[in-house]
Amino acid sequence: MVIELAKILVFPGLVFLFAYAMFAQWLDRKLYARMQNRVGPRFIQPLADIVKLFSKETIIPKSVDPVLFRILPYFAFAAVATSFLFLPIMDSPITSIDGDLVIVAYLLTIPTLVLSLSGWVSATPYSIIGGIRCLSQLFSYEVPYFLSLLTPALMLGTWNINEISKGLPGMIVAHPIYILPVAVAFMVGIIALQGKLERKPFDIADAETEIVAGPFTEYSGRLFGIFRLSLDMEMIVGVSLLVAVFLGGVYPFSGALAIVSYLVKTIFVLFILAYIKTAVARIKINQMIDFGWMVLAPLSLLGILLVVLLHMGGIL
Amino acid sequence: MVDIVIPEKPPKKTKKSMMTKLANWSRISSPWIIHFNAGGCNGCDIEVLAALTPLFDVERFGILLKGTPRHADVLVVTGPVNEQIKSRLKRIYDQMPNPKFVVAVGACAASGGVFKGCYNSLGGIDDVLPVSAYIPGCPPRPDAIIDGVYKLLGSLKKG
């Protein structure tokens, strides 16, 4: 009981998630700065930002719905923190049930919905536009994201994240041809994750040059701090999910060394995300919808088609 | 009649608690700014934007430019305040959460500059808002603006 609680709250649960989210934000900003030929923030910077936001005054504007305005950030935080429990950080995740891939995918949708809802209750033009953009974005990346997660699940015939991450490396070693659908799905997953986290080129919802800060416009102090924290954590959860589903989780190592392979793989994915963020500029919302449905969705369907054909072709 | 005796409160402890120190450190480490033009000639604004370019890289100090006053800690104002913008400036300041600071950039913001005595303008930012730091110059160089914000943070450290 005590050990379970410590696992959930400290390692590999909430405290580890918080610390790693801070590290990932620093890494992201530092890589972004170095690629722009800048020095970049200090290591302690994300922590200072969060502590500052928590120690600032929280303003509840008159025009908002006070109850919804206050509780929405906690919803995003709770959804993200819960979804982390299903991901294999050490040898096995804290909790694992059949179909937890679906659970995590849906829990990761909640922050986006909360974001759009918070834009709506803020009742200012900027935040409402931001909220609507959030939702329209959701329709373009969510389907490719789910379909790309479906590809390895179809390959192994299971919906359990832990079983997928354990089974995938062996399968690819046995039949190297399966690297094809996984590579296609991983590519789609990375791009869709970029949209899910609302980073460049898909930071349309909180485009600071157009609509100030999007859904966050009216949020200040502690509530904004919780939002920021939950988005940072969402990045870790999203990256960990990709690592678990496409890169074989903690594959080469087991036991205490498992955390090393987890860290190496997640940092590799974080690097790709930072690289995309630096290399591209923001696109328009209609371009994003076009891209999502014309490029990403067919690509993810191609991955699934490859798996089906390979299964029918008698390999495995 | 019964004499009502009001007990004297014990003197407050002068030693700062751990949490206060932590909050103070975080405020110094992560000043997010919002930039507002209160009727200036745009000269200072160009220099403020130049200070935010990769050449100077103020993210080293944790300084970020924010679009909304709700997220900002430091209000960077340029220009003498004219009558039309006075209420807007006041409103922007009121929308910022406490603790908040105002930095007046340029000669006009500090004293009214060449617009001093005009029928439509006031004599600088401090006629409307409490100012924490003045950065002189017409316009001040980006280095001077960064130095001004840095000195403001240094004064916060002292208390």
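The model is predicted: local features need pLDDT of at least 70, side-chain atom pairs count only at pLDDT 80 or more, and totals for chains, interfaces and linings use all residues. Residues are numbered from 1 along each chain as its sequence is written, while chains are lettered from A and ligands numbered from 1 in the order in which they are written.

Chain A meets chain B through 27 residues, which are in contact with 17 residues of chain B. Two residues are in contact if their C-beta atoms, placed from the backbone, lie within 7 Å. On the chain A side, helix H3 (45-55) and helix H10 (221-246) are the elements that give two or more residues. Helices (H or I, at least four residues) and strands (E, at least two) are DSSP runs, numbered from the N terminus. H3(A) gives the most, with six residues. By class, this side of chain A has 11 nonpolar, nine polar and seven charged residues. Here Ala, Val, Leu, Ile, Met, Phe, Trp, Tyr, Cys and Pro count as nonpolar, Asp, Glu, Lys and Arg as charged, and the others, Gly among them, as polar.

Within chain A, helix H8 (residues 179-196) packs against helix H12 (residues 285-312) at an angle of about 155°, with their axes 8 Å apart. Axes are lines fitted to C-alpha atoms, for helices over the stretch in contact, and angles run from 0 to 180 degrees between N-to-C directions. H8(A) is therefore roughly antiparallel to H12(A) (an angle over 145 degrees). H8(A) contributes Leu180(A), Pro181(A), Val184(A), Ala185(A), Val188(A), Ile191(A) and Ala192(A) to the contact. The residues of H12(A) in this contact include Leu296(A), Ser300(A) and Gly303(A). The contact residues divide into 12 nonpolar, two polar and no charged.

Helix H2 (residues 14-35) of chain A has 22 residues, which should span 32 Å at 1.5 Å a residue; its end C-alpha atoms are 31 Å apart, which agrees. The expected span is 1.5 Å times one less than the number of residues. The buried residues of H2(A) include Leu17(A), Tyr20(A), Gln25(A) and Asp28(A). A residue is buried if 20 or more other C-beta atoms lie within 10 Å of its own, with C-beta atoms placed from the backbone. Their cover includes H3, helix H4 (66-83), H10 and helix H11 (258-279) of chain A. Just after H2(A), Asn37(A) takes a positive phi of about 65°.

Chain B has five helices and five strands. Along the sequence they follow the pattern α-β-α-β-β-α-β-α-β-α. Of its 159 residues, 41% count as buried.

How values were computed
Angles under 35 degrees count as roughly parallel, over 145 as roughly antiparallel, 65 to 115 as roughly perpendicular and the rest as oblique. A residue is buried if 20 or more other C-beta atoms lie within 10 Å of its own, exposed if 12 or fewer, and partly exposed in between; C-beta atoms are placed from the backbone.
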